[in-house]
Amino acid sequence: MESKQHQPQAGLSVAGLSKGYGRDAGALALDNFTLDFPAGECTVLLGPSGCGKTTVLRSIAGLVTPDAGRIAIDGDAVFDGATRTNVPPEKRRLGMVFQSYALWPHLTVAENIAYPLAASALSKAQTEAKVESMLQWVGLGGMGRRFAHELSGGQQQRVSLGRAMVGTPRAILFDEPLSNLDARLRERMRMELLALRQQAPFTSIYVTHDQLEAMTLGDRVVVMRAGRIEQTGSPEDVYKRPRTRFAADFVGIPNLLEGTVRSVEGREIVVETIVGALRTGGWRRDWTAGARCTVAVRPTLIRIERTPGAGGRPGRVIRSVFQGTSSVDLVDLDGQQIAVESFAEERHSPGTGVWVLPTPGALFALLDD
Ligand SMILES: Nc1ncnc2c1ncn2[C@@H]1O[C@H](COP(=O)(O)OP(=O)(O)OP(=O)(O)O)[C@@H](O)[C@H]1O
Ligand SMILES: [Mg+2]
C-alpha cells in the first residue's frame with residue numbers, strides 16, 4: 001500500500017495520520033489513520049467518546065496540526081508531515097458545523113451567514129444574493145434580519161449550516177451537529193439534512209455517536225476505536241454485519257453468544273449456540289467445523305414462545321421492559337442473560353417460563369474476535 005502512488009482525486013483523502021496531544025501522551029488520539037472520503041458522499045465517523053473523531057475533523061480543517069501523515073482535498077495536499085506542507089484553515093475551503101452553533105450573537109442571521117464572504121471579492125449585491133439563496137436552502141427565508149438569539153436551537157443550527165455552505169466549500173465537516181437538540185427536533189433536522197443532501201449531494205464528513213444518525217445520513221459508516229478504524233462499510237453492512245465485539249456493541253447488539261461451528265457452506269456457516277443453531281454470514285473463509293466462535297445476535301432476530309412446540313431453548317423471564325413500539329424481555333437461559341425484542345402486545349411477568357428460538361430465515365453476524 002505504501003509504495004502505491006496516491007492519485008489526485010476528487011474528495012478528501014487522509015493517509016497515515018497520527019496525533020498525540022502533549023509531550024507524555026501515552027495513547028495516540030490518532031494512530032496511523034488512513035481513509036478516503038469520496039466526493040459527493042457523506043462519510044460518517046461513529047465511535048465512543050475520546051476515540052478521535054473530532055481530532056480527525058480538526059486535522060482536516062487545519063485547526064489541529066497532526067504529528068505525521070498527509071491530507072489532500074480534491075488532490076491538493078493541504079497537510080504533509082514529510083514536506084512540512086500546512087495550508088492554513090481559511091485557505092482549505094472547508095465548511096464546519098459544530099455541536100455548539102458558534103454563531104455571532106451581535107450579528108443578524110444574514111450577517112452570520114455572510115461572515116465567511118467578508119474577505120471575498122464579491123460585491124454587496126452578489127453577497128446578498130448568495131445569502132438569500134442560502135437562507136432559502138436551509139429553510140429560513142424571511143428570517144435574515146433576526147438576531148441569532150431570537151431563533152430556536154434547530155433554526156440556529158440551520159444558520160450555521162448556511163454559513164458553512166455559503167463559500168462553496170470543497171467539503172463540509174459536521175461535528176455532532178444535532179446533539180444539543182431535543183429528540184423531536186433532532187429527528188426533524190436529521191430528515192432535513194438528508195433531504196438537502198439528496199437535492200444536491202456535497203462531500204461531507206459527519207461525526208456522531210448516535211447510531212441512528214449514522215445509519216440514516218451515511219453513505220458509508222466508519223466505526224472508530226482508540227484513534228484507529230475498527231470497521232468500514234455501508235450503513236447496512238455495519239448494522240447487520242459488525243465484525244468485532246466492539247463494533248457489535250456499538251451498533252446496539254447486546255447478545256454476543258459463544259458457539260461452535262457446526263457446518264461450513266461457502267460463506268454461510270451454521271453455529272450452535274445457547275439459543276439454537278444460527279445461520280451466519282461468515283466473512284472469513286477459514287472457519288472449520290468444531291471451531292469456537294462468537295455470534296452477535298440482535299434482539300429482534302430471536303423470539304419467545306410460551307410453549308416448547310417450536311423447538312426453542314427453555315428459559316425464564318427476568319424482566320420485561322416496555323419501550324413504546326416494542327418491548328424487550330430479558331431471559332435467563334442456563335444462567336446467561338439474553339435480550340429478546342418483540343413487537344407483540346403480550347407482556348411476560350418475571351419468572352414466566354418461555355422458549356427462545358431464532359427467527360426463521362435470519363442471518364446472524366459471526367464475529368472475528
Ligand atoms: N486539546 C487537547 N489536549 C489534550 N488531549 C486532547 C485534546 N483534544 C483531545 N484530546 C484527547 O484526544 C483523544 C481524542 O479526542 P477527540 O476529541 O478527538 O475525541 P472524540 O471522538 O471527538 O470524542 P467525543 O465523542 O467525546 O467528542 C481523547 O483522549 C482526548 O482526551
Ligand atoms: Mg468530539
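Reader: Is Arg84 buried or exposed?
Author: Arg84 is exposed, with a relative accessible area of 77%. Exposed means over 50%, buried under 20%, and partly exposed in between, using a 1.4 Å probe and protein chains only. This is a predicted model, where local features need pLDDT of at least 70, side-chain atom pairs count only at pLDDT 80 or more, and totals for chains, interfaces and linings use all residues. Residues are numbered from 1 along each chain as its sequence is written, chains are lettered from A and ligands numbered from 1 in the order in which they are written, and side-chain values use heavy atoms, without hydrogens and water.

Reader: Where does Arg84 lie?
Author: In the loop between strand 5 (76–80) and strand 6 (85–86). Strands (E, at least two residues) and helices (H or I, at least four) are DSSP runs, numbered from the N terminus.

Reader: What about its phi?
Author: Phi of Arg84 is near 55°, a positive value in a residue other than glycine.

Reader: And what is the phi of Ala102?
Author: About 55°, also positive, and Ala102 is not a glycine. Ala102 sits in the loop between strand 7 (94–97) and helix 2 (109–114). Ala102 is partly exposed, at 41% relative accessible area.

Reader: New topic. Which polar side-chain atom lies 2.5 Å from an oxygen atom of ligand 1?
Author: One of Ser49. A polar backbone atom of Gly50 is 2.8 Å from a ligand 1 oxygen. For Cys51, a polar backbone atom is 3.2 Å from an oxygen of ligand 1. A polar contact is a pair of N or O atoms within 3.5 Å.

How values were computed: Polar contact = N/O pair within 3.5 Å; in protein donor to acceptor, adjacent residues only side chain to side chain.
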